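Please consider the model shown below, beginning with the chain as a whole and then turning to a single helix.

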Amino acid sequence: MRGKTEKKTPSLAKAYIAMIAAVAMAVLIMVASRWTPGNFGRFFLFFALAMVASAMKIRLPGFKTTISINFVFILTGIALFSFGETVLIGLGGALVQSLWKTQTRPRAVQVLFNASCLTVCTAAAFWTSRAVPAMLGLSSMAATMVLGACVYVVMNTGLVSLVISLAEGHSITELWSSCYEWTFPYFLVGAAIAGLASAAGHGTNWGVTLLVVPVMYFVYVYYRMHIVRAVLANISSDSQENGAVLAGASQGR
């Protein structure tokens, strides 16, 4: 619900969101100052597909947030595109995911945080996956993808869990554990697909990379069904427990 009944965002949560937004703004300034576009046609096509993927989102049980398959395009972008191009994929995906066909109209602060969070996570994943292997003298695509995926998943789930903890007063440990439990299988499969797409993209037939779209669509459908089944199973379990409690209470009278 909104309006007068809507809870105000605590000051600490506002300060945290402002900090993440400031970091995201610094990243975007860096992108603008160091913009080095490559093949614009290829990037435009990839960006458009990433925005379509961002609209395919799944609401996590117990969270007022969603995940989408745009992270696959972000991870693939780390291997195939420049820093600025990859950050734009993350930022654009966050805006589409936040604004496209939402159950309730999102607050401006929610859109700001989501956009800032994915911008920061994308930038951190890109920098880490490129810088660490270079410092170690490695030129492995596998190392790049694994590092990028790990940084992105940990930061994304961590930043989201922390803002919910500050806004609603829940334990961040429990929130992060629950968020990670729901998202890890999805991210794991997506990271594997992104790795295969990136490897194909470095070859002569870049179009093979686009096969990631139908593959991830089937993963999205399957995972969405998995969450629905899990929620229904929990509801059924709770109903049985309540029924048992009521039966015990009736026998005790």
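This is a predicted model: local features need pLDDT of at least 70, side-chain atom pairs count only at pLDDT 80 or more; totals for chains, interfaces and linings use all residues.

Residues are numbered from 1 along each chain as its sequence is written, and side-chain values use heavy atoms, with hydrogens and water left out.

The protein chain contains eight helices and two strands, where helices (H or I, at least four residues) and strands (E, at least two) are DSSP runs numbered from the N terminus. Read from the N terminus, the order of elements is α-α-β-β-α-α-α-α-α-α. Of its 253 residues, 42% count as buried, that is, under 20% relative accessible area, with exposed meaning over 50% and partly exposed in between (1.4 Å probe, protein chains only).

Helix α2 spans residues 40-55, 16 residues in total, and reaches 23 Å from its first C-alpha to its last, close to the 22 Å expected at 1.5 Å a residue; the expected span is 1.5 Å times one less than the number of residues. Its buried residues are F43, F46, A50, M51, A53 and S54. They lie on the same side of α2 because they cover an arc of only 160 degrees around the axis, the arc being that of the directions from the helix axis to the C-beta atoms. These buried residues pack against β1 (57-59), β2 (66-68), α3 (70-80) and α4 (83-99), contact meaning heavy atoms within 4.5 Å. The face of α2 turned away from its buried side carries the exposed residues F44 and V52.
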